[in-house]
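Let's look at how charged side chains pair up in a protein. Here is the one to explore.

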Amino acid sequence: MFNIFKKKKKPDASFDEPLSPEADTFLAEACAEYDGKRDALLTAEWRLASCADWGFDWDSGTVTVQFADGSQWQADGQFLASYSLDDQTWQWTWDSPDMAEHLSRDGRVVKEFGERLGIRYLLVGGGCFQLPGPEFVDYLCALGLKATNSVGVMEAPAEQKVGLLMLKNLRGTHGAA
């Protein structure tokens, strides 16, 4: 299944470096947009929280979500990162030699934003690195959503790890109750 999860642990990255006004604006906008996008994906509009089953096609990068009422939707999926529930470490897909290039484009887009805006924690490579806490997962996902213009992020659990899938181009029968 997932082979992007390394057990390497790096020293904590500096998450407190001063940022440019442009970076501050980007971060504020990303955080402001995140809750609305998450709510639309999980509840009324796309109902991810109530799905009966879902799958991922590793060749095409397509996510399929099915519901008990027979409706379903599909989306284009890109892996952003992996997160370890055990030790709260994070690894960007752009830094994973095991992640297929066609499934990690969004991760590279986020890295490019980090380079352009000087956001150091979007550039931490060399394997897994420690997050300051589990709430930082949502924060990094918010930045990923904004940088990649995705409509949502979906968790893809695998043992004690979670792959974070950025979703675009949602389509299908999403309105049935």
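This briefing walks through its salt bridges.

The model is predicted, so keep in mind that local features need pLDDT of at least 70 and side-chain atom pairs count only at pLDDT 80 or more, while totals for chains, interfaces and linings use all residues. Residues are numbered from 1 along each chain as its sequence is written, and side-chain values use heavy atoms, with hydrogens and water left out.

**The rule and the count**
- Side chains of opposite charge can pair when their charged atoms come close.
- A salt bridge here means a side-chain nitrogen of Lys or Arg within 4 Å of a carboxyl oxygen of Asp or Glu.
- By this rule, there are nine salt bridges.

**A bridge between helices**
- R116 pairs with E22, and their closest N and O atoms are 2.8 Å apart.
- R116 sits in helix α2 (residues 105–117) and E22 in helix α1 (residues 21–42), so the pair ties together parts 94 residues apart in sequence; helices (H or I, at least four residues) and strands (E, at least two) are DSSP runs, numbered from the N terminus.

**A bridge between strands**
- R171 forms a salt bridge with D76, with the closest N and O atoms 3.3 Å apart.
- Because R171 lies in strand β7 (residues 161–172) and D76 in strand β3, this pair ties together parts 95 residues apart in sequence.

- R47 forms a salt bridge with D69, with 3.5 Å between the closest N and O atoms.
- R47 is buried, at 13% relative accessible area, whereas D69 is partly exposed at 34%; buried means under 20%, exposed over 50%, and partly exposed in between (1.4 Å probe, protein chains only).
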